[in-house]
Amino acid sequence: MATIRREDRPILDRGPGFPSLQQLVDRANGSQQVTILVNEFAGAQSVPEHVHDVEEVLIVVAGECT
């Protein structure tokens, strides 16, 4: 798998009510077992309940996650 640099990955604006999304590691760049995403939340934004067929890593750097 290639080295992934955050500054090289696009940030997707998903519209009102949703946090921005930046896909760092996923199947598109060679990972078959884990997905690593960056979501930046502003205010009361949320992500709907969902499932993945690979492991997902959540790291909260400020605030809280439920």
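## Contacts of Asn29

The side chain of Asn29 comes to 2.8 Å from the backbone oxygen of Leu24, a polar contact (a pair of N or O atoms within 3.5 Å; within protein, one must be able to donate a hydrogen and the other to accept it, and residues adjacent in sequence count only if both atoms are side-chain atoms). A polar atom of the side chain of Asn29 also lies 3.0 Å from the backbone nitrogen of Asp26. Asn29 belongs to the loop between E1 and E2, where strands are DSSP runs (E, at least two residues) numbered from the N terminus. With a relative accessible area of 16%, Asn29 is buried; buried means under 20%, exposed over 50%, and partly exposed in between (1.4 Å probe, protein chains only).

## Basis of the model

This is a predicted model, in which local features need pLDDT of at least 70 and side-chain atom pairs count only at pLDDT 80 or more, while totals for chains, interfaces and linings use all residues. Residues are numbered from 1 along each chain as its sequence is written, and side-chain values use heavy atoms, with hydrogens and water left out.

## Salt bridges

The count comes to 2 salt bridges, each defined by a side-chain nitrogen of Lys or Arg within 4 Å of a carboxyl oxygen of Asp or Glu. One joins the side chains of Arg6 and Glu40 (3.0 Å, N to O). This pair links distant parts of the chain, 34 residues apart: Arg6 is in the segment before E1 and Glu40 in strand E2. Arg6 is partly exposed at 41% relative accessibility, and Glu40 is partly exposed at 48%.

Another joins Asp53 and Arg27 (3.2 Å, N to O). Asp53 lies in the loop between E2 and strand E3 (55–56) and Arg27 in the loop between E1 and E2, so the pair ties together parts that are 26 residues apart in sequence. Asp53 counts as exposed at 62%, whereas Arg27 is partly exposed at 44%.

## The largest pocket

The largest pocket is lined by 29 residues, and those nearest its centre are Asn39, Phe41, Leu58, Val60 and Cys65. Strand E1 (20–25) and strand E2 (34–40) are the elements that give two or more residues to this lining. E2 gives the most, with 5 residues.

By type, the lining holds 15 nonpolar, 8 polar and 6 charged residues. Here Ala, Val, Leu, Ile, Met, Phe, Trp, Tyr, Cys and Pro count as nonpolar, Asp, Glu, Lys and Arg as charged, and the others, Gly among them, as polar.

Note on methods:
On a 1 Å grid over the protein atoms alone, a cavity is a set of points where a 1.4 Å probe fits but cannot get out, and a pocket is an open set with protein on both sides within 12 Å along at least five of seven lines; lining residues have an atom within 4 Å of a point. Helices (H or I, at least four residues) and strands (E, at least two) are DSSP runs, numbered from the N terminus.
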